[in-house]
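Visitor: I am new to this one. Could you walk me through it?

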Amino acid sequence: PIGVKPGTGVFGAAQAGTADSEITVEQFKQDYRNKVERMYGDGLERVSDLDKYNALVSLVRDYLAEPWLNTKEKYRRTGSKQVYYFSIEFLLGRLLGSNLYNLGLNEVCQQALGELGMDLRTLRQVEEDPGLGNGGLGRLAACYLDSMASLGLPGHGMGMRYRYGLFEQRIVDGYQREYADDWLMDGFYWDVRKPAEAVEVRFGGNVRIKSNGKTQYIHEGYETVLAVPYDVPVVGYRNGTINTLRLWSAEARLSEVVCAPQGGSDCQKAVEYSQTVEELSNILYPDDSTYEGKALRLKQQYFLVSAGLQSIIRNYRENNGHLREFPHKIAIHINDTHPVLCIPELLRILLDEEQLTWEEAWNITVQTMSYTNHTILPEALETWPEDLFRTVLPRIYLIVRDINEYYCRSLWETYPGDWDRISRMAIISYNRIHMAHLAIAGCHSVNGVAELHTDILKNKIMKEFCDFSPAKFNNKTNGVTQRRWVSLCNPALAQLITDTIGPRWVEHPQELAQLERHGADTAFQHHLLRVKLQNKVALAKYVKEKHGITLDVNSIFDSQIKRIHAYKRQTLNVLHIMALYNRLKENPLLDIEPHTFIFGGKAAVNYHIAKNTIKLINSLADLVNNDKSIRDKIKVVFLENYNVSLAELIIPATDVSEQIPTASYEASGTGNMKFMMNGAVTIGTLDGANIEIKQAVGEDNIIVFGLTAEEVLAYYRGGGYNPWEVYQGNERLKQVVDQLINGFFPGAGDLFRGHFDSLLYQGDHFFVLKDFASYEAAHRVLDERYKDRPTWLKMCSANIAHSGRFSSDRTFAEYATDIWHIRPDTLPFSASEKQTR
Ligand code: F58
């Protein structure tokens, strides 16, 4: 079996008597039959797949109950410092496979089910992807949970339990249509509801200031929402550690609502009221184009933060923690600006409830909090209108005002008289509250997610803050968990790696480097090719069943799967495919490698041009896939409803990984890392973590193109560039740009005029035309390399071999030592290893 650590079984090496706790196939079968009978009052033969799946989850939960309890007890007993990772998103993906794998039960379960005439893979597919995230930052949070537990460290998640996910994407007539993501419809069997640990969160009302010697703030007339936690076990890899992801759900206590002034005594009203309360945790990123929508988003953020902090402090108190010791025992991490209200909320608790002085409370808060920035896009740097903030959170508003005053005073001491600078850096300015400024002021650490991104933060976006407090700023290049992104999603590759270098890489991903010397080995290459083919066959089967399109598994699978966004430049990819198609039309005998271009991703509901890009891709797919004259040399597919499970199918089957953002925009990227771990070769711009991938694999094993971030930023300083010159100067490019509007897409009319105009009449802000020629040239290089199969396979192996440093185990270890100050002796990379990596 892959990555087996002998004798560790379900309960892990850390547990006493592990050998006895191993679960045999016989035992598993018996437990499972009993479980089905007890849950459904029926025999295994007569229940549905959903019932079988639920019973299996329930059984796995039984198995992990004891180590979960032991882990909590161990943390209590040792008093070790606990990390709480607050995030509005946790894009977990399906849990059955990963939990079985991490528990070391995969093979036992597979065999047991097989003997019962069932197939584990089928049951794994019954599981809905939890609708708890949207993109990279949510998936990153999920990777960190896996790494924290797998390294046996006390790190937990704090998130929201959304009733509905972002949305389910369906493609109708080539367009994205959004449907409710009803992921909880059949229940979620992994979490445990903890009503006894519910807390109250307060909104609205007003604050009365009472002064008798000491000023007191009395919050009155507020509305109370009950926050009920649901705990999800986070299973470490065969080490007996089970951490907790706590998800909060908003509820109304109807019995109390009936007597409350808002509800009157009317039952109907009470039910209506409960619906408005529950709206709080109904959906991820509710539409914020209206005042009510904005208020709802702000309420959601405060709800998560307040509930999470109250529960942390309650727990801390119960274990007799002294508040002055708080930062030595608790680290709170703020994932992007959405949970930044952690700062004023902790202050509120320390000031109003614990009666600490401002200085004491502020010092504790700053020492406890740390913040990660995930973007430099101005529209994603959150600000709130002051009025709305004051109305929704009156007490928190006063605290933010005090923080602002305190912070501005300290700025004044360093920059006396420099009003301009102080107003640029203020937390409240021009009637808006700047959440990133609040984060920088209230945290001891601010980090970017790749070296370039951190440099841009330090030298541009947050330069003045960095000049003021340089020690706070640091880089933590992202990582992904090799357990989900290789072992689980690509078991054939995992087996090949284990057969070649042994199983230690699953826990020590830097050992993948040993593959380097096998890269040129014919037998190894042969196996690698077989693994890739097998994965392509699996993806092709899915595409055939779901979309009715036949893929050539001997073609180059070239994938761009990520949110649809102008800066990610799906349009550049499309224009290149159009040019390739044109070349084939001109010369049907053109000798090119057959290509399958795969797209997947959601466009935000209100982001019209991105939604139109989806239509553009699908229009191109219709044209190309139905044109017999090009003899199936290229195929284009847009895979509907991209999510973690789909990524797990696409990534192992991909040869070429498209990472082509306008340089400077992609903070890091994490898809790029997943692809390289699975042996795909990147075609990419020098942006985000692509730069570090290039450093890791060497320039022969990645194809880079396009403007650098420095060049892009220089153009912006000079007012942009002239796309007309580029357009006029490149026939092939001119042809494809014109084809956006000249009837090339049958029946499209003016549908893609928005794209056309943005490229030519609106200055081509994302440098699509400017980078086109070099992108096309890069593709030609790629094709050349692919033709020479041994060279290509060597490139693939090099990518796998050098992916170890992009493991979230490494990233997490860096967070733990540098930011959270967790004991380094328990970390996987020693300090000296870190230097040389
Ligand atoms: C992503 N951000 C970055 N934001 O784009 C990506 O480069 C990085 O690798 C990743 O974070 C992890 O650090 C991201 O996913 C969002 O999804 C925003 C959430 C709030 C609404 C706007 C999008």
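Visitor: Is Lys674 buried or exposed?
Guide: This is a predicted model; local features need pLDDT of at least 70, side-chain atom pairs count only at pLDDT 80 or more, and totals for chains, interfaces and linings use all residues. Residues are numbered from 1 along each chain as its sequence is written. A residue is buried if 20 or more other C-beta atoms, placed from the backbone, lie within 10 Å of its own, exposed if 12 or fewer, and partly exposed in between. Lys674 has 30 such neighbours, so Lys674 counts as buried.

Visitor: Which helix does Lys674 lie in?
Guide: Helices (H or I, at least four residues) and strands (E, at least two) are DSSP runs, numbered from the N terminus. Residues 671–677 form the run that holds Lys674, and that run is helix α26.

Visitor: What does UniProt list for Lys674?
Guide: The entry is unreviewed. Its positions use the numbering here, feature names are shortened, and annotations may be inferred rather than shown by experiment. For Lys674, UniProt lists "modified residue: N6-(pyridoxal phosphate)lysine".

Visitor: Which residues is Lys674 in contact with, leaving aside its neighbours within four places in sequence?
Guide: Contact means C-beta atoms, placed from the backbone, within 7 Å. By that rule, the partners of Lys674 are Val480, Trp485 and Ile651.

Visitor: Which strands stand at the edges of the open sheet of 6 strands?
Guide: Strands pair if DSSP finds at least two bridges between them. The order is β20-β19-β18-β21-β22-β23, with parallel pairing. An edge strand has a single partner, so one side is left without a neighbour in the sheet; these are β20 and β23.

Note on methods: Contact = placed C-beta atoms within 7 Å.
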